[in-house]
Amino acid sequence: MKDEPPLLELKGLNKIYENEFQAVKDVSYKIGSGKLVGLIGPNGCGKTSMMRCINRMHDISSGDVLIDGESVLGKTPAEIARKVSNVPAELRASFGLTVFETVMLGRYPYLSNIWWETDEDETLVEETMKKFGIFHLKDRPLNMLSSGERQRVLIAKAYVQEPRLMLVDEPTSHLDMKYKLEVMEYLTAMVEKDMSVLVAEHDISLMARYCELCIIMKKGEIYAIGDPKEVITEELLQEVYEVSASVGLDKDGELYVLPKKYSGVYQL
């Protein structure tokens with residue numbers, strides 16, 4: 001019996017922008033199904049560029065991205081959207097859409113008629129809104145929601161795409177402690193045997209708490225990849241972030257990171 005291909009595979013991925021800045025440098029790795037994967041690294045390390053290459057929001061300079069063994073090169077946006085959904089760090093414009101209308105946009109790759117959704121689409125959207133605790137907000141404009149509510153709406157929209165892979169970019173950056181945990185609990189609950197979630201996030205302790213695999217990037221390259229309790233060390237934080245930090249385990253065995261001092265050179 002032939003082995004199943006990994007859900008996601010990057011092969012020598014490179015992204016070079018028009019100004020000749022290389023944001024992603026020869027990145028290769030594989031992710032299987034049913035994984036919650038943390039993507040961490042300092043600002044400008046290439047996390048967002050890499051994710052935008054995976055879903056072809058950005059053109060790939062060289063290399064390849066495969067979903068279930070099939071290259072994304074040459075596929076239409078609708079074909080990719082049936083496999084990969086995207087949760088942006090923030091929604092820049094809502095155009096007056098309600099919560100229901102926003103979540104329904106996640107069904108766009110499957111609509112045969114651009115103007116009409118099916119009863120099945122409506123049922124899926126309503127059930128998903130109930131699952132994410134936003135059904136009571138269905139008629140409210142998106143711009144009238146709190147940051148935490150808006151993040152749940154964006155995740156629900158990505159969920160109704162029924163993807164194999166969900167890409168989530170900085171989902172907790174504007175949230176307080178309660179909503180950070182709430183969002184991560186939702187993402188954890190969504191990971192199923194046939195779906196994985198790749199989360200780009202700055203909160204290292206949060207990623208170590210929820211993710212079984214972490215990918216650490218530095219200057220466009222993969223610096224380390226593996227179990228967060230094994231790869232996230234004081235030495236790694238010094239090398240990647242130029243920060244002196246304490247790394248340890250709390251009484252429940254969860255890894256925590258306590259930044260102490262920036263070790264770079266100040267220029268005032």
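Phe 132, Tyr 159 and Tyr 186 form one aromatic cluster. The model is a predicted one, in which local features need pLDDT of at least 70 and side-chain atom pairs count only at pLDDT 80 or more, whereas totals for chains, interfaces and linings use all residues. Residues are numbered from 1 along each chain as its sequence is written, and side-chain values use heavy atoms, with hydrogens and water left out.

**Exercise 1.** Determine the geometry of the aromatic pair that Phe 132 and Tyr 159 form, and state which parts of the chain the pair ties together.

*Solution.* Rings of Phe, Tyr and Trp (its six-membered ring) pair if their centres lie within 6.5 Å, and planes under 30 degrees apart count as stacked, over 60 as edge-to-face and the rest as tilted. The structure holds two aromatic pairs. In the pair of Phe 132 and Tyr 159, the centres are 5.7 Å apart and the planes make 65 degrees, so the pair is edge-to-face. Phe 132, at 1% relative accessible area, is buried (under 20%; exposed is over 50%, partly exposed in between, with a 1.4 Å probe and protein chains only), and Tyr 159 at 15% counts as buried.

**Exercise 2.** Decide how many disulfides there are, and examine Cys 211 and Cys 214.

*Solution.* A disulfide is a pair of cysteine sulfur atoms within 2.5 Å, and the count by this rule is zero. Cys 211 is in no disulfide, since the nearest cysteine sulfur, that of Cys 214, is 5.2 Å away, too far for a bond. Cys 211 counts as buried at 5% relative accessibility, and Cys 214 counts as buried at 0%.

Conventions: Helices (H or I, at least four residues) and strands (E, at least two) are DSSP runs, numbered from the N terminus.
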